[in-house]
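The structure is shown first.

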Amino acid sequence: MITNTLYSLCGLVLFAMGLFALFACSHLLRKILAVNIMSAGVFLVLVAAAYRPLGAGEVDPVPHAMVLTGIVVSVSVTALALILACRVQETSNLSISRNGLKVNDEEGSGG
Amino acid sequence: MIWQGWLLVFILLSSFLPGIIIFALPEEKYRLRTSLNLFGAGIKLVFILIMNIGIYYGYNYEIRLPLIQGVELLLNADPLSALFATLSSVLWLLTTIYAVGYLEDSPNRSHFFGYFSLCVTVTIAIALAGNLVTFLLFYEMLTLATYPLIIHRGTPQALRAGRNYLIYTLGGGAVFLFAVVWLQTITGPAYFSAAGFSPLLVETHRTALVSIFILLLMGVGVKAALVPLHGWLPQAMVAPAPVSALLHAVAVVKAGAFGIVRIVLDVYGIDNMSRLNLFPLLTVASSVTIIWGSIRALQQDNLKRLLAFSTVSQVSYIALGMSLADQPLAVIGGLVHLVHQGLMKITLFFCAGNLAETLGIHRISEMKGVARRMPLTMAAFSIGALGMIGIPPTVGFVSKWYMGLGALAMDNWWVLAILAGSSLLNACYFLPILTSAWFAKQERPWPEERRFNRFETRLMLLVPPVITAIIVIVAGAVANAQISPLAWVRFILREYGL
Amino acid sequence: MKSRINNRPKRHDPLLLLLLLLIIILATLLVKVIYNLPVGITGLGEEVASFQQRSGVVSPVTAVLLNFRSYDTLLEVMVLLLAVIGVWSLTKAPFPRKTIKTSPVQLAVVRLLAPLMCLVAVYLVWQGSHLAGGAFQGGAVLGGAGVLMLVAELPMFQQISSRPLRIGLLLGPIVFLGVALLCIVNGGELLAYPQGWAGSLLLLIESACAVSIGLALSALFVGGRPVDDLLEKKKS
Amino acid sequence: MSFDSPTWIVCPIILPLIAGLLCFLFRKNTFFIALFASLANLLSVAILLWQFLLLGPMRYSMGGWQAPLGISLRMHGPTILMLLMTAVSGLGITLYARGYFSFRIAAPKRVGRHERQERFFWPLWLLLMTALNALFLSADIFNLYVTLELVTVSAAALAALSGKPASQIAAFRYLLVSLLGSLSYLLGVVFVYKTYGVLDLQMLRQVASPGPGLQAALALMTLGLLLKTALFPLHFWLPPAHANALAPVSAILSGLVVKGSFYILFVLWFDIFASSISQNALNLMGVLGTGAIIWGSVQAIRQQRLKLLVAYSTISQLGYLFIAFPLALRGDGGQGAWAAVAFMVLAHAFAKSAMFMAAGTIFLHMGHDRIKDLTGVRKCLPLTSFAYAIAGVNLMGLPPSGGFIAKWLLLSSSLTSSQWWWSVVIMTGSLLASIYVFRVVSRLFVIPAGKSICACRPHSPLLEWPALVLAMIALLLGLIAPYPLLILETDTLVSCLLLGGGL
């Protein structure tokens, strides 16, 4: 019971953090990461929904399948978003150099 | 009877289809376009005559298409719609001839005639509308069909006029729509029938019904150019002369006036109107318009603007006649004025167009001695102007006479004073024009003279005003005959039991 | 998107603080709701268990994924394919570029690992019917192998032309769809596997999908369409 | 397969799907594959309509697994209308896109770019059609999420197809916003599953009872869907994404894609969880709708570029859909509001597709879409100008268009339920709409004296006729109003019978 709720809470916190980061960060890569964190949070809550108290029957496989579907969807969308972000950076030549710096900066301070 | 209903559809198609074909025609197919136009106008006239005879002998023409709860397209020909439809189709034929002559050599004629046909289709459809929703539908479509005609010349003034026209009419349309929906939530579907809605509702929904009436009046008042909703009309004068003639004599203002007639006689019904005490409101609105329009007309030097303000004033006679609807005589005067004003005003506009097209005259001050150069045109103009003043034996006299009788019968001296005053004002602005045209000497050369051999102007420009002028006199002289607008109006009133 | 020169969020942006506050409130509300949710909801676990026999596989997750809710999975495969199409529509692959010398260590690792990973992928697909595993897991490992080979700059793998790649990418979806349609021909609903055939059909679908998923993941990693993907047009 | 076989219901999903895969596999003749798929889709929807009128609503269990375990498709009145909408405008868009791309390829500005666009347009568009059809047919709350994602991915890829920097930035933002919306929706689904343990819509309707779990779920799902539907003030992503895309793509995005998420929202609020919706929430939707109408129109009036104007008008038109919310659950006005939404959605889909197509054609021929320089376009593109004007009539809600019927229904239900303030909003909205419509139309239709406009001729009938026909459909929708109503009412009739029968 405790574990289950803990998972859910963790998921919600991740969701909220991702949501905040999505608005707060202006770098495209960070936004994508934020969305990924959000989806990880949702999946965590979803997996926790499969929990059954001891002796109350089988673990529910449906949320597992849903999470699996969700992960594949999220991978696909992330890939598309990443390439799109690359294209944005390439084509908006106004900030090519700046963005290059920015990427380095990100990696340096990212942690 | 199915075929009787379809006759109405054919009447509409007889101008709609030529319109659509004309849109697709290339610019240079002059003959084909003209013959299509005239053919359509002729066919329509024949259909409408058939319909009139049928109505006279008591046939019922009706076709309906239910859409949703409370919204039904209904075409229904009653004597009143026959009156307006006949007027429109006759004048359309004449205006088409006139327009063909007027627009010779000008660009974009296929679009012009296309919209022209659509405009007439919609006007006839307004006449044939059998319920308030159908009326609303075609009323809005009229806005769309006339707008391209107003901006036809593409000049900045034309565009400005078009914009103002849209602001007024679309605003009015929105108010009208709101009022119609509101009315229908109270009374149920509003059909045009003599009875009006149930008198029981008057007690329960008095305030709502009064407000709805005001809103409806605002909606149709925009097109009928009731003061203070008339601002678009003088500006719309930038359009070509046939358009002005069509707008002012037939389509737009008459659609508004016709709307007032329908609302007073059919939607509310005379009894409900007097129960709700709405007649004084209408009287005041129309009287103010009559006087204001005449006063403004006095100040004009531009001929077409003068005619426009004169229209503002004259159309309100119809509303004034309706506002005395307790008295059948006044109603007769108002209804017959619907036809008479159309005939007179279209004559005047044709003549104004002739002056502009032949001699380049746009201002009254340039008209000195013009009658010697263009006697036929000015003769027609004079007949129209005298009719406007109300001098016998023109048709203008007939309508004013009946209205005066109605006012007298009600002991309504106020209205009598309005009638007399407006006639006086009419005389004040028309008579100087006539005297200067006929008796003054030409001072300057004409601004832009074009010579045509044989006649004073193009034949196609000359014939329509002469015909309408003759009708103005004949219809006035034989007003009491078996077949005349007056006789038909009496026939209409039988239906309303007046 | 306004690009700010300083990328880091300002510390005391009042709007951000407000946002933070809002999100915290939202999260708190959600947490409260979750905490108070009833626990006794059975879910669909028992349903799944009772129909497990008829699904053709032993693992309940695989049964749900590929039989009970196979329609979801079909669409999900399409999402992956769509992502590939979308990526291809955006840009060209950065290959082939001048071959950089691959370090021998890297090469050796790839030579060692790639076949092994393929084997693991096959195993994962195979055991998906009774344990955790299946097309996605297998495909992911395959994709990993593909990425490894791409990173190693093996020219053969980078210069793969468009057509075989497209066929490979479509293999899974088309097999899946084909089986689904065969079920209709067989007289059942879409994706209603015939009695007794479910197990083998599922394996077929899983194998085909695993290949396509692996390819799709590698293609996504490449991040663009093969150079010869567009038809050659005369330059006018 | 006989005409009354239940299998027809999967055709709108399967046919475009197969065609999309084929379009990806083959590189030649993709247009003909797409055309065939669009026609076949229309045909199968027509058969479905016939079945529906004969047999009433139906359900189809995917894989033969009944509801709580498997996924079902369902077909009821709104579904069939949405499918029809997609099929009809889909066919128009397919034809238009053909004309569009052949024009671009014939007059290339940058060699290669247009080939790329056409190459990837067809598979993406067909898969998007699949996704929309699947969305409208789905009866499973999680399956709806998957279809939503399908829509998102294909729509974002389409939006980025133009290759211009502006469009890519817009597409990226669109993708992120859609993802956020999907995730929010998914979290809502999780809450629903945690609370009730079922995913099927029908079963949810039976077990749903007001409670904190449901409220949280509804709030999350609504938020996500509103974001995707671009309701004011969550609309910020829509205008750039729609205005910078290729013209056929704009038509798809504005005409069809936003309707997908709205459809889910409407079904959730008024069908599945109708019993747990509070009047305050409905009023809030109405207020937001008001904001959308006013803000969208004002922005549209202020735009200098044609496509942006059309995009902002989408925001304002979407507002009307939400005005129906506070009217839909109150007494006798409710049915009217349902029908109003249906008409609004249909008319807007057709009219807006036509409008974007016309704007695209104008852009192609004039080389720009600055509104102030569009004077006299009627001269060289008469059909397109008419298409634009007719679509504009629809947006203004003038009779006899579908938009008019919708506004009429909204007005009369707001007056009967004595919430007259909504009708003031509606009238204001249509007046504002007429301002932004006539801003363009008056320019298109004016031919200034003594000025030669453009010598260009329309390139292909495919660029002009689809827009005109779609606009005409939208216009004449009012005249065939009884039929959509019949479809809607068949549904409620039968479902009333079913509910009465204790099902």
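## Terms and model

Two residues are in contact if their C-beta atoms, placed from the backbone, lie within 7 Å. The model is predicted: local features need pLDDT of at least 70, side-chain atom pairs count only at pLDDT 80 or more, and totals for chains, interfaces and linings use all residues. Residues are numbered from 1 along each chain as its sequence is written, while chains are lettered from A and ligands numbered from 1 in the order in which they are written.

## Which chains touch

Chain B and chain C do not touch, and 35 Å separates their nearest C-alpha atoms. Chain A and chain B also have no contact; their closest C-alpha atoms lie 41 Å apart. Four pairs of chains touch, and the pair with the most contacts is C and D.

## Chains C and D

Here 49 residues of chain D meet 45 residues of chain C. Helices and strands are DSSP runs numbered from the N terminus (helices H or I, at least four residues; strands E, at least two). On the chain D side, the elements that each supply at least two residues are α1 (11-25), β1 (58-61), α4 (113-137), α5 (141-159), α6 (165-196) and α8 (212-229). The largest share, nine residues, belongs to α5(D).

By class, this side of chain D holds 30 nonpolar, 12 polar and seven charged residues. Ala, Val, Leu, Ile, Met, Phe, Trp, Tyr, Cys and Pro count as nonpolar, Asp, Glu, Lys and Arg as charged, and the others, Gly among them, as polar.

## Chains A and C

The contact between chains A and C takes 39 residues from chain A and 41 residues from chain C. In chain A, α1 (2-24), α3 (61-91) and α4 (96-110) each supply at least two residues. Of these, α3(A) gives the most, with 15 residues. The chain A side comprises 23 nonpolar, nine polar and seven charged residues.

## Helices of chain B

The axes of α4(B) (residues 109-128) and α5(B) (residues 132-150) come within 9 Å and cross at roughly 160 degrees. That makes the two helices roughly antiparallel (angles over 145 degrees). Axes are lines fitted to C-alpha atoms, for helices over the stretch in contact, and angles run from 0 to 180 degrees between N-to-C directions. Residues in the contact include F116(B) and V122(B) of α4(B), and F138(B) and L142(B) of α5(B). The contact has 15 nonpolar, three polar and no charged residues.

Just after α6(B), G188(B) takes a positive phi of about 80 degrees.

Conventions
Parallel < 35°, antiparallel > 145°, perpendicular 65-115°, else oblique.
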